[in-house]
Amino acid sequence: MRPRADEIVHSIAWTFDRHISSDLSDPFSKSLALSISYLLRSVELRIQHEGPVLWSLNRQIREPLAAVRDLIGSSTKAGNEPMFVALSQEIDAALNTKYREPDDYPTLESVADEAATLRWPLVHAIEALHEHPGLFEASEYQQVREAIQAYHKQQLEAEAVYVQIRSIEGLDPLAGRV
């Protein structure tokens with residue numbers, strides 16, 4: 001289907017920059033126009049990249065979640081704590097949830113819902129592990145913490161793709177400072 005949504009946003013941003021922003025003289029209006037222009041550019045990038053980035057991150061987050069679950073299972077002390085029993089169940093539920101039918105196209109909405117559902121157990125795991133490191137064997141605990149940190153590093157790097165705003169059609173009123 002043409003034009004694509006990102007092409008429409010690109011066209012709106014180009015038109016706004018060339019025909020509206022350029023005619024403004026009031027400093028406040030120019031500032032607002034600049035904000036709107038960069039918002040449009042950000043939306044264009046998110047349309048292009050957000051779905052594939054979330055899809056990839058949803059695959060990657062499963063590893064640290066499984067590592068947390070396995071860590072809890074390997075500790076008799078943690079296995080008897082209601083907080084960790086509940087966390088293990090939350091992780092299992094998130095990992096075993098069917099987010100869409102196998103033959104269904106993965107819509108951005110379903111991929112974003114999957115990301116939110118998978119990320120909450122990781123948040124809860126980080127909090128629980130931070131509060132109770134003594135319930136686990138030190139080297140296993142450290143390996144799981146490193147797996148979580150590696151995932152977060154990948155997440156930040158992947159999401160940076162669609163939050164960095166680039167110049168469109170050579171227009172860059174901030175001369176590359178954004």
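Is arginine 119 buried, partly exposed or exposed? In this predicted model, arginine 119 has a relative accessibility of 22%. Buried would require under 20%, so arginine 119 counts as partly exposed.

Start from that residue. Arginine 119 sits in helix H5. Beyond residues up to four places away in sequence, it touches Leu54, Leu57, Ile61, Tyr151, Gln155 and Glu159. Isoleucine 91 is 28 residues away from arginine 119 along the chain, and their C-alpha atoms are 9.7 Å apart.

Packed helices are described by the angle between their axes and the distance between the axes. For H4 and H5, the angle is about 160° and the axes lie 9 Å apart. Angles over 145 degrees count as roughly antiparallel, so H4 is roughly antiparallel to H5. The crossing is left-handed. On the H4 side, the contact residues include Phe84, Leu87 and Ile91. On the H5 side, Trp120, Pro121, Ala125 and Leu129 are among them. By class, the contact has 12 nonpolar, 2 polar and 2 charged residues.

Now turn to the core. In soluble globular proteins, nonpolar side chains tend to be buried together. Here the largest nonpolar core holds 25 residues. Val68, Phe84, Leu87, Leu129 and Phe136 touch the most other members. Helices H2 (27–74), H4 (82–96), H5 (108–131) and H6 (138–160) each give two or more residues to this core. H2 supplies the largest share, 7 residues.

Take valine 68 as one example. Leaving aside neighbours within four places in sequence, valine 68 contacts Leu87, Ile91, Ala125, Leu129, Val144 and Ile148.

Conventions: Residues are numbered from 1 along each chain as its sequence is written. This is a predicted model: local features need pLDDT of at least 70, side-chain atom pairs count only at pLDDT 80 or more; totals for chains, interfaces and linings use all residues. Side-chain values use heavy atoms; hydrogens and water are left out. A nonpolar core is a set of buried Ala, Val, Leu, Ile, Met, Phe, Trp, Tyr and Cys residues joined through side-chain atoms within 4.5 Å. Buried means under 20% relative accessible area, exposed over 50%, partly exposed in between (1.4 Å probe, protein chains only). Helices (H or I, at least four residues) and strands (E, at least two) are DSSP runs, numbered from the N terminus. Contact means heavy atoms within 4.5 Å. Axes are lines fitted to C-alpha atoms, for helices over the stretch in contact, and angles run from 0 to 180 degrees between N-to-C directions. Angles under 35 degrees count as roughly parallel, over 145 as roughly antiparallel, 65 to 115 as roughly perpendicular and the rest as oblique. A crossing is left-handed if the near helix is turned anticlockwise from the far one by less than a right angle, and right-handed if clockwise. Ala, Val, Leu, Ile, Met, Phe, Trp, Tyr, Cys and Pro count as nonpolar, Asp, Glu, Lys and Arg as charged, and the others, Gly among them, as polar.
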